[in-house]
Amino acid sequence: MRNARFQQLEAILNNRTKRTRAGEFLVQGVRPITLAVEQGWKIRTLIFTADQKLSQWARELLTVDAETIAMSSELMAELSGKDKGATEMLAVVEMPQDDLARIPVTPNFLGLVFDRRAMWARSSDPQTHSVPPV
């Protein structure tokens, strides 16, 4: 059954504005979820497949202090975007605050900053680009 919570999860997965507003994102896969936990990311919700036996990894993960949601294989497959072999576990992870202080700076640190907005100002000729002033 697609209830309000399922629709919220779907929105977080597919809508950047809602994801940013909620301050959370979905993570799927053993390695990405394990790394998120190991690196100390705050796991808000763990979603698992209710109608199949969970692996040892998934059972251990459910000991994390987080909300848990049991979901049917069909809904889990829809949420994970897989036709066959639905993902065993999804995690809703809290986005860290957008603060440069969270990035450790060592003496050999090399940082690059990218802005997702267009870096080039287009002229009337689509073959010509100009660099915006810095």
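Residues are called buried under 20% relative accessible area, exposed over 50%, and partly exposed in between. The legends below apply these terms to a predicted model.

**Figure 1. Overall arrangement of the predicted chain.** The chain contains five helices and six strands. Along the sequence, these elements follow the pattern α-α-β-α-β-α-β-α-β-β-β. Of the 134 residues in the chain, 25% are buried. Among contacts between residues at least 6 apart in sequence, 57% join residues at least 24 apart.

**Figure 2. The two sides of helix 1.** Helix 1 spans residues 4–14, and its buried residues are Phe6, Leu9 and Ile12. These residues lie on the same side of helix 1, because they cover an arc of only 120 degrees around the axis. Ala4 and Asn14, on the other side of helix 1, are exposed. The partners against which the buried residues of helix 1 pack are helix 2 (16–22), strand 1 (24–28), strand 2, strand 3 (67–71), helix 5 (73–80) and strand 4.

**Figure 3. The largest nonpolar core.** In soluble globular proteins, nonpolar side chains tend to be buried together. The largest nonpolar core of this model has 13 residues, and those touching the most other members are Ile33, Ile43, Leu46, Leu61, Met89, Ala91 and Val93. At least two residues of this core come from each of helix 3 (30–38), strand 2 (43–49), helix 4 (56–61) and strand 4. Another core, of 12 residues, lies apart from it and has Phe6, Ile12, Met76 and Leu90 among its members. The surroundings of Ile33 are shown in detail: beyond its neighbours within four places in sequence, Ile33 is in contact with Val27, Gln28, Trp57, Leu61, Met89, Leu90 and Ala91.

Figure 4. Leu90 is located in strand 4. With a relative accessible area of 1%, Leu90 falls under the 20% limit and is therefore buried. When residues up to four places away in sequence are not counted, Leu90 touches Leu26, Val27, Gln28, Ile33, Thr45, Leu46, Ile47, Met76, Leu79 and Ser80. The C-alpha atoms of Leu90 and Pro32 are 10.0 Å apart in space, while the two residues are 58 residues apart in sequence.

Figure 5. The structure holds three salt bridges. In the one shown here, the side chains of Arg5 and Glu67 meet with an N to O distance of 3.2 Å. This pair links distant parts of the chain, as Arg5 belongs to helix 1 and Glu67 to strand 3, 62 residues apart. Arg5 is partly exposed, with a relative accessible area of 23%. Glu67 is also partly exposed, at a relative accessible area of 40%.

Figure 6. The side chains of Arg44 and Glu24 form a salt bridge with an N to O distance of 2.7 Å. Arg44 lies in strand 2 and Glu24 in strand 1, so this pair ties together parts that are 20 residues apart in sequence. Arg44 has a relative accessible area of 29% and is therefore partly exposed, whereas Glu24, at 9% relative accessibility, counts as buried. A salt bridge also joins the side chains of Glu94 and Arg44, at 3.4 Å from N to O. Because Glu94 lies in strand 4 and Arg44 in strand 2, the pair connects parts that are 50 residues apart in sequence. Glu94 counts as partly exposed, at 30% relative accessibility. Through shared partners, the salt bridges join Glu24, Arg44 and Glu94 into one network.

**Figure 7. A nonpolar patch on the surface.** Leu100, Ile103, Val105 and Phe109 form this patch, and together they have about 420 Å² of accessible area. Val105 is placed in the loop between strand 4 (89–94) and strand 5 (121–122). Val105 counts as exposed because its relative accessibility is 62%, and the limit for this class is over 50%.

Conventions:
Residues numbered from 1 in each chain as written. Predicted model: local features only at pLDDT ≥ 70, side-chain atom pairs only at ≥ 80, totals over all residues. Heavy atoms only, no water. Patch = residues over 30% accessible without salt bridge, like charges linked within 9 Å, V, L, I, M, F, W, Y side chains within 5 Å. Areas by Shrake-Rupley, 256 points an atom, 1.4 Å probe, with all protein chains shown as cover. Salt bridge = Lys/Arg side-chain N within 4 Å of Asp/Glu carboxyl O. Helix = DSSP H or I, 4+ residues; strand = E, 2+ residues; numbered from the N terminus. Buried < 20%, exposed > 50% of the residue type's maximum accessible area, 1.4 Å probe, protein only. Core = buried A, V, L, I, M, F, W, Y, C linked by side-chain atoms within 4.5 Å. Contact = heavy atoms within 4.5 Å. Arc of directions from axis to C-beta.
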